[in-house]
Amino acid sequence: MTIAILGVGMMGEALLSGLLESGWEPQDIRAADTRSARCETIAEQYKVWAGKADEAVEGADTVLVAVKPQDLAGVLADVSPHLKPGCLIISVVAGVTTATIERHLVLDRPVIRVMPNTASLVGQGMSALARGSGATKEHVAKAQEIMEAVGKVVVVPEKNMDAVTAISGSGPAYMMFIAEAMIDAGVMLGLPRTISSDLVKQTILGAGALLTETGEHPTVLKENVTSPGGTTAAALRVLEDRGVKAAFISAIEASAKRAEEIGRAQVN
Ligand SMILES: NC(=O)c1ccc[n+]([C@@H]2O[C@H](COP(=O)([O-])OP(=O)(O)OC[C@H]3O[C@@H](n4cnc5c(N)ncnc54)[C@H](OP(=O)(O)O)[C@@H]3O)[C@@H](O)[C@H]2O)c1
């Protein structure tokens, strides 16, 4: 199986590096970017072929599109005539529907849309994928295998993509917001910033591991550390008083609404 990655910016490079780390051979991966200096760096660092998009897709079984939304129509116009029959198109382009991508292809090709997140850069990404009208279960399985190179994958109907964007797409930023607040609180309580930062990083990592490894509901895990009349109970009381849970729900609703608005304004 050969794959062409169109656009090796932040997300494209994360996917390229993840595929190589998960056992793909450099000769089976082709990378494309606009700037020749960028292509030279990528070729040198990862030992893959790197060049222009129309050449990269020649003979590829899968094409992974990782350009910005405004560059999508241009790159699809360039590569469309060069796509081999049955070539699977996987797009990580935020907000652009499979129907829009299908309209930009000269000939019918199966299309899968993916919403990854930035944790893909460290192999801990969360991707949701949705299939277009011409994609089969086999295409979904192939896309799933590819995205698993950089983290976990779920399959959703395309109508759920705005909700996915609001939860796991923007999610790393919410966790950073919490981390920032906790580190600042530690400093206000007199801890050196480096110590406060180490405490918070490991606490977030540990809480994530507890959640995934025990399989318990967060409410149970929260109750496990909340002794009657204790320190955690005092803190949780303040969070409830200030409406933090309701604020999170409203924030995520706002994110999904914005994803929908941005999607409507994307290339048609
Ligand atoms: N970063 C994330 O966390 C994240 C999460 C979910 C989804 N996404 C999606 O992933 C896509 C890429 O995001 P990114 O953050 O990686 O953007 P990025 O860093 O700007 O990378 C995009 C790359 O594509 C190149 N490019 C543009 N037109 C091209 C063409 N015709 N042929 C080949 N390469 C071309 C760009 O080159 P130039 O710089 O020269 O234009 C750039 O190097 C976006 O659509 C975004 O919505 C990203």
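Modeller: First, a term. Two strands count as paired if DSSP finds at least two bridges between them. Keep in mind that this is a predicted model.

Start with the overall layout. The sheet is open and has eight strands. Their order is β3-β2-β1-β4-β5-β6-β7-β8, and the pairing is mixed. The edges are β3, residues 49–51, and β8, residues 151–155. Each of these two strands pairs on one side only. On average, neighbouring strands are turned by 20 degrees against each other, with direction ignored.

Now go into the sheet at β1. This strand covers residues 3–6 and runs parallel to β4, residues 62–65. Four bridges join the two.

Go back to β1 and look towards β2. These two strands also pair in the parallel sense, over four bridges. Here Ile-3 stands opposite Ile-29 in β2. Next, the two faces of β2. In a regular strand, side chains alternate between the two faces of the sheet. Strand β2 covers residues 29–32, and both of its faces are covered. Ile-29 and Ala-31 are buried on one side. Arg-30 and Ala-32 are buried on the other. Note that an arginine is part of this buried set.

Move on along the order to β3, at the edge. The loop between α2 (36–46) and β3 holds Lys-47. This residue has a phi near 60 degrees, a positive value in a residue other than glycine. Most residues other than glycine have a negative phi. Lys-47 has 13 other C-beta atoms within 10 Å, so it counts as partly exposed.

Now cross to the other end of the order. Strand β6 runs antiparallel to β7, and four bridges join them. In this pair, Met-115 has Ala-128 of β7 as its bridge partner. On the next step, β7 and β8 run parallel, joined by five bridges. Leu-129 stands opposite Val-155 in β8. With β6 and β7 antiparallel and β7 and β8 parallel, you can see the mixed pairing at this end.

How enclosed is β7? Seven of its seven residues are buried, so β7 is largely enclosed by the rest of the structure. A residue counts as buried here if 20 or more other C-beta atoms lie within 10 Å of its own. Both faces of β7 are covered. Gly-125, Ser-127, Leu-129 and Arg-131 are buried on one side. Met-126, Ala-128 and Ala-130 are buried on the other.

The chain is divided into domain 1 (3–157) and domain 2 (171–263). The centres of the two domains are 33 Å apart, taken over C-alpha atoms. Five residues from domain 1 and five residues from domain 2 make the contact. On the side of domain 1 that touches domain 2, one residue is nonpolar, four are polar and none is charged.

A few totals close the picture. The chain has twelve helices and eight strands. Buried residues make up 34% of its 268 residues. Among contacts between residues at least 6 apart in sequence, 65% join residues at least 24 apart. The C-alpha atoms fill a box of roughly 70 × 40 × 30 Å along the principal axes.

Note on methods
Residues numbered from 1 in each chain as written. Predicted model: local features only at pLDDT ≥ 70, side-chain atom pairs only at ≥ 80, totals over all residues. Axes fitted to C-alpha atoms, helices over the stretch in contact; angles between N-to-C directions. Domains from an automatic or database assignment. Contact = placed C-beta atoms within 7 Å. Nonpolar A, V, L, I, M, F, W, Y, C, P; charged D, E, K, R; others polar. Buried ≥ 20, exposed ≤ 12 C-beta atoms within 10 Å, placed from the backbone.
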